Each structure stands twice: as structure tokens, then as C-alpha cells.
Amino acid sequence: MFKKITLILGMGFVLMCGVSIVRSSKTELKKAPLTPQLFSKGETLYNQNCASCHGAGGDGQGKAAYLLYPKPRNFKEGLFRLVSTTDQQPTNVDFFNSITRGMPGSGMPPWSHLAEEDRWSLVYYVRYLTELGKETSSGNITEEQVENGVSAETKLRLAGIDANPESAIQVPVEAAVTKEGIARGQTLYTQACASCHGPQGKGDGQQLMMDNAGLPIRPRDLTAGVFKGSSGSDDLWYRINAGLPGSPMPGYQGAYSDDQLWDLIHYVQTLPKPGAEQKARLSRQQITVARAKEKLDNNPSARRWQNVKPVSVSLTPLWWRDNRVEAVEVKVLHDGKQLAVYLSWEDASDNSATIAPQSFSDGAALQLSLNPNPPFFAMGDNQGAVTFWHWKSSWQKDLKSRADVQSAYPHAAVDHYSAQLDYKKGSAFEVKDSNVATHDSTYVTGWGAGNPLSNPNRQSAAEEAHAKGFGTLTSTPVDKDPVIADGVWKDGRWHVVFLRPLKVKEKGRLEFKPGQRINVAFAVWNGQAKDRNGQKMVSIWNEFTLEK
């Protein structure tokens with residue numbers, strides 16, 4: 001079964017029969033010293049990037065929390081999943097690693113694009129919120145004192161706390177990877193792990209589990225490459241020894257010998273499908289927007305797109321599910337006057353019919369910002385607006401023939417619709433021949449109220465919208481230079497092209513120019529999975545650079 005074992009220690013991998021095993025490096029992190037200025041920066045960055053989910057006070061009840069599963073961590077409780085200590089208390093290095101890498105399998109993105117000093121500033125501010133929670137729980141600091149404002153001296157004292165160094169779990173020298181060791185590890189896995197994670201590691205063992213908050217939790221599908229932390233040897237050593245505090249995953253400190261644990265770790269590292277772990281991690285992509293020599297259009301089937309190399313951008317569902325759109329392929333061109341963005345992603349079915357209340361549309365959106373320091377990647381914030389270009393397959397279908405009651409129930413028994421302006425009383429009436437566009441808009445409530453999304457005379461399958469935080473998304477009808485989009489579903493994939501002029505005549509809208517950098521994030525909705533509104537797959541900020 002195992003014909004060849006090759007160790008490539010310099011690269012940090014063991015390659016075995018096509019399986020990559022990550023071996024963690026021992027690089028020591030250099031901590032940024034805590035200063036009042038660094039603490040202040042951490043507070044600013046936290047409010048900009050973290051408070052929407054974790055809450056301004058760290059209670060896990062931010063504005064976006066209702067959209068997320070797993071739920072954002074409540075820092076005040078002091079229970080953190082990823083720890084490297086025997087007393088289950090995270091070190092500041094644990095915080096730093098979690099902030100840097102994010103938490104695959106949740107809505108928590110990586111913040112590796114932030115400077116190291118900025119990430120350390122966040123570490124100190126999260127530590128402050130955690131220790132403040134402990135102090136208020138014990139009564140050393142009252143809620144009234146918190147409301148009146150914690151002193152700068154107390155803030156720095158709490159932010160400067162770290163886990164007890166004597167509780168640190170020591171990772172011994174890693175044993176060599178052998179086929180015999182992996183076989184022993186498989187036996188140990190069957191005894192200790194398979195009841196939850198399943199015989200093949202697919203997370204299909206015991207399903208009825210609860211976390212410390214009483215919320216349902218499912219064992220991880222290890223074959224999908226979605227690990228809390230990573231599948232690196234050191235990380236798995238910590239996870240197996242310390243467990244995952246607040247979850248049903250126990251710690252096995254002292255239950256097995258070091259050699260047995262290394263065998264188990266090496267077996268677990270063979271379970272992920274090749275490339276799966278990399279796909280599960282969000283990362284910031286730099287995308288060059290080449291200048292086309294021909295005039296662009298919004299045709300996804302145009303031959304020009306065959307010559308553009310796609311960039312794969314990883315996505316994560318805000319409400320986690322294993323059956324998800326893992327990534328969207330992005331191609332971008334401009335011709336000096338127009339910007340064209342081509343998106344393609346896997347989708348097993350075309351969901352464009354949305355008449356039934358239980359039906360939802362497939363869709364995609366771009367989120368754009370020209371701010372060098374863009375606001376929160378999800379919907380912006382009150383300090384910075386973001387622009388959206390949003391396409392729905394149902395809107396595109398409506399351009400040909402708007403679907404309504406007559407489409408779903410063409411043989412319904414109706415005398416006539418009194419609001420239908422072109423109906424002549426006494427003449428024959430068939431529901432299938434009625435069209436909502438011929439009705440008095442006063443009686444088509446959304447349209448009559450001026451909601452542009454209810455207008456049956458839609459001219460485009462896309463809309464432009466703006467937002468300054470959750471709950472503020474506002475569709476922006478435009479008279480000139482609208483964003484247009486067209487999509488084609490073929491062989492289990494959507495192919496969609498957005499097109500808009502670089503320059504527009506209306507004030508307040510984004511304009512682009514060659515040589516410019518544009519922050520861009522992506523979202524995809526799968527109608528078959530009942531995605532809608534905030535239930536969707538998203539990316540973090542990426543960057544377009546327009547060639548001159």
C-alpha cells in the first residue's frame with residue numbers, strides 16, 4: 001500500500017503517496033510591546049473589524065451575530081477553542097495565531113493582511129476584554145465602573161496579562177512518519193475518535209451534541225480539510241492534548257504515550273483530500289485587470305474570456321454548512337471605458353423561479369470600495385460606505401417574461417383582475433394572459449410604494465446598491481450608466497459578467513481609472529440551499545489593479 005516515503009523537512013511537508021502532511025515550524029513569534037498607543041490602535045481596529053460580530057464589549061452579540069453559525073466567541077466568558085495550555089486558558093500567542101489564520105468552518109476570517117503590530121494590538125485588546133469579563137464576574141470591577149469608564153491604568157494592566165507559562169503544553173520532538181506508525185494511528189483513531197468523527201473521518205459519527213452555550217454542534221469532517229487552527233503537527237498536538245474548551249471535544253493529556261499521539265496525528269494528517277485545507281482558508285487575492293483591445297460587453301460566452309487566466313477566490317458560508325460553494329473563479333478586463341467582471345462557480349441546479357414562497361434565487365454580488373483602508377468587509381460601517389453590484393438569476397429570467405401568479409397557476413379560476421388596466425369588461429379572461437406590468441401599480445404594493453426591486457419593467461438583471469453597515473443596504477436606481485449583468489448556467493456552473501462604465505455622470509457613485517486599485521469582495525447565493533439576504537457565501541477583501 002505504501003510504496004514510497006519522502007521527507008522534505010525544509011519545505012515543512014512530508015509527502016507520502018500523494019498525501020501532504022504539514023509539519024509545524026518552531027519559529028518564535030516576536031511580540032510587539034504593549035504601549036498606550038498600541039492598545040488604542042487595537043481598540044480602533046477591534047471596533048472596525050471585530051465588533052460587528054463579537055460585540056463592542058466582547059459579549060458575542062454583535063449586529064451580525066444572528067447571521068453566523070458557529071456563533072461568535074463571547075470573550076467575557078473566557079472559553080476559547082484553540083489553546084496550548086493544560087489549564088485551557090489561551091496564551092497571547094494562541095490569540096495571535098487565531099487572529100492571523102481565522103477559524104475555518106466559521107464566519108471568522110483571517111486577518112493576516114494586517115501588519116504584525118496591528119494583529120498584536122488586537123491581541124492586547126481582546127485580552128483586555130477577556131480579563132475585564134473575569135474581573136466583573138468576580139466582583140473586583142463593578143458594572144457601574146465599566147459604564148463610567150475603566151481607567152487607562154487598569155486597561156493596560158488587564159491587557160498585559162498572559163497565560164501562566166507553567167501551564168504551557170510542551171510539544172516533544174516529532175517522531176518520524178512511517179507506514180507502520182500511520183497504521184497504528186488508524187487503530188488508535190478507531191478506538192478514540194471514530195465514534196464522533198466517523199470511521200473515515202467524515203464527521204458522520206454521533207451527531208446530537210451541544211456546546212457550552214447549549215447550541216447544537218457537529219463533529220468536524222476531517223476529510224474536508226476544515227481544521228480549527230490547522231492540520232500542522234504542533235496544532236494537532238495541542239488540540240488532542242488540550243481538547244477544544246466549550247465543545248464536546250475532550251483533551252487526552254496523559255491518556256496516551258508521546259509515540260501513540262504522533263502516530264494518531266500522522267494518521268489524521270492523511271485524511272484531508274488534496275488541496276482541501278487550502279480551499280477552506282480565505283485569503284486576500286491580488287488580481288490584475290488587463291486592458292482589452294476590443295470593446296467589452298456583458299456576454300459570459302464571449303471567446304475573450306477563454307484567454308483570461310482565472311483567479312480562484314475562496315468563500316465561506318456565514319451560517320456554516322459542509323455543502324457549500326467553496327470558491328468563485330474571477331476574471332476581469334477593462335477597455336479604458338468599461339470594467340467587465342466575470343464570475344464562475346459550481347452550482348448543481350439553476351434556481352431562477354421564485355414564485356413559490358419556499359423558492360429562492362441563485363445570485364452573485366461584488367462589494368467595492370476605493371478607500372485605501374476599507375471598512376468592515378461585510379456591508380461596510382458607519383465610517384465608510386461600500387457599493388454593491390448585485391445580480392440574481394430570477395431578475396434575469398424576469399427580463400424575458402416576468403414570472404408572477406399567472407406563471408405558477410395559469411389555470412386558476414378568476415373572473416378578472418380589477419386592477420388590470422388593459423382588460424375590457426365582458427371580454428374573455430385567462431389568467432395566463434394577464435401580466436403584472438399592465439396592472440395599476442397602486443395595487444401592486446411593492447411597485448406602488450416605489451420599491452425598485454418590485455418594478456415589473458426592470459431593465460437589467462443587476463442593481464447597484466450602497467450600505468454603511470448591517471441593515472442599511474439601499475438599492476440605488478440610476479438613470480444613466482447602470483451596471484448590467486448577464487448569466488449563463490451550463491454543466492453545473494454559473495457564468496456571470498458584470499459590466500459598467502469606468503466613469504459615470506451621476507454624483508456619489510464610484511468611478512474608476514486605469515492604474516487604480518479597487519478593494520473588492522464577493523458573495524454567492526445558492527437558491528437550492530435556500531440562501532437569501534445574509535445567508536450566503538462570502539469572501540474577504542481582495543484587490544483589483546487596473547492596467548494603464
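**Exercise 1: A residue in a loop**

Gln 88 is placed in the loop between H2 and H3. The model is a predicted one.

Task: Determine whether Gln 88 is buried, exposed or partly exposed.

Solution. Step 1: The backbone of Gln 88 has a phi near 65°, which is a positive value in a residue other than glycine. Step 2: The relative accessible area of Gln 88 is 35%. Step 3: Buried requires under 20% and exposed requires over 50%. Gln 88 is therefore partly exposed.

**Exercise 2: A cis peptide bond**

Task: Describe the peptide bond from Tyr 69 to Pro 70 and locate Pro 70 in the chain.

Solution. Step 1: Omega of this bond is near 0°, and the bond is cis. Step 2: Pro 70 is found in the loop between H2 and H3.

**Exercise 3: Helix H3**

Task: Find how many residues of H3 are buried, and name the element against which they pack.

Solution. Step 1: Of the 10 residues of H3, 7 are buried, and the helix is mostly covered. Step 2: These buried residues are Asn 92, Asp 94, Phe 95, Phe 96, Ser 98, Ile 99 and Thr 100. Step 3: The buried residues of H3 pack against H4. Step 4: Just after H3, the chain reaches Gly 102, whose phi is positive, about 75°.

**Exercise 4: The largest nonpolar core**

Task: Identify the residues of the largest nonpolar core that touch the most other members, and the element that supplies its largest share.

Solution. Step 1: The core has 49 residues, and Tyr 46, Leu 122, Tyr 128, Phe 377 and Phe 470 touch the most other members. Step 2: Elements that each supply at least two residues include helix H1 (36-49), helix H4 (116-138) and strand E15 (517-525). Step 3: H4 gives the largest share, 9 residues. Step 4: A second, separate core has 36 residues, among them Val 328, Trp 345, Ala 364 and Leu 546. In soluble globular proteins, nonpolar side chains tend to be buried together.

Step 1: Beyond its neighbours within four places in sequence, Phe 377 is in contact with residues including Pro 109, Trp 111, Gln 367 and Trp 541.

**Exercise 5: Distance in sequence and in space**

Task: Compare the separation of Arg 281 and Pro 110 in sequence with their separation in space.

Solution. Step 1: Arg 281 is in the loop between helix H11 (276-280) and strand E4 (286-291). Step 2: Arg 281 and Pro 110 are 171 residues apart in sequence, whereas their C-alpha atoms are 7.9 Å apart. Step 3: Leaving aside neighbours within four places in sequence, Arg 281 is in contact with Arg 101, Pro 104, Gly 229, Ser 230 and Ser 314.

**Exercise 6: The whole chain**

Task: Decide whether the radius of gyration of the protein chain agrees with that of a compact globule.

Solution. Step 1: The chain has 14 helices and 17 strands. Step 2: For 548 residues, a compact globule would have a radius of gyration near 24 Å. Step 3: The protein chain has 27 Å, which agrees. Step 4: Of the 548 residues, 51% count as buried.

Notes
Residues numbered from 1 in each chain as written. Predicted model: local features only at pLDDT ≥ 70, side-chain atom pairs only at ≥ 80, totals over all residues. Heavy atoms only, no water. Core = buried A, V, L, I, M, F, W, Y, C linked by side-chain atoms within 4.5 Å. Buried < 20%, exposed > 50% of the residue type's maximum accessible area, 1.4 Å probe, protein only. Helix = DSSP H or I, 4+ residues; strand = E, 2+ residues; numbered from the N terminus. Contact = heavy atoms within 4.5 Å. Rg over C-alpha atoms; globule rule 2.2 N^0.38 Å.
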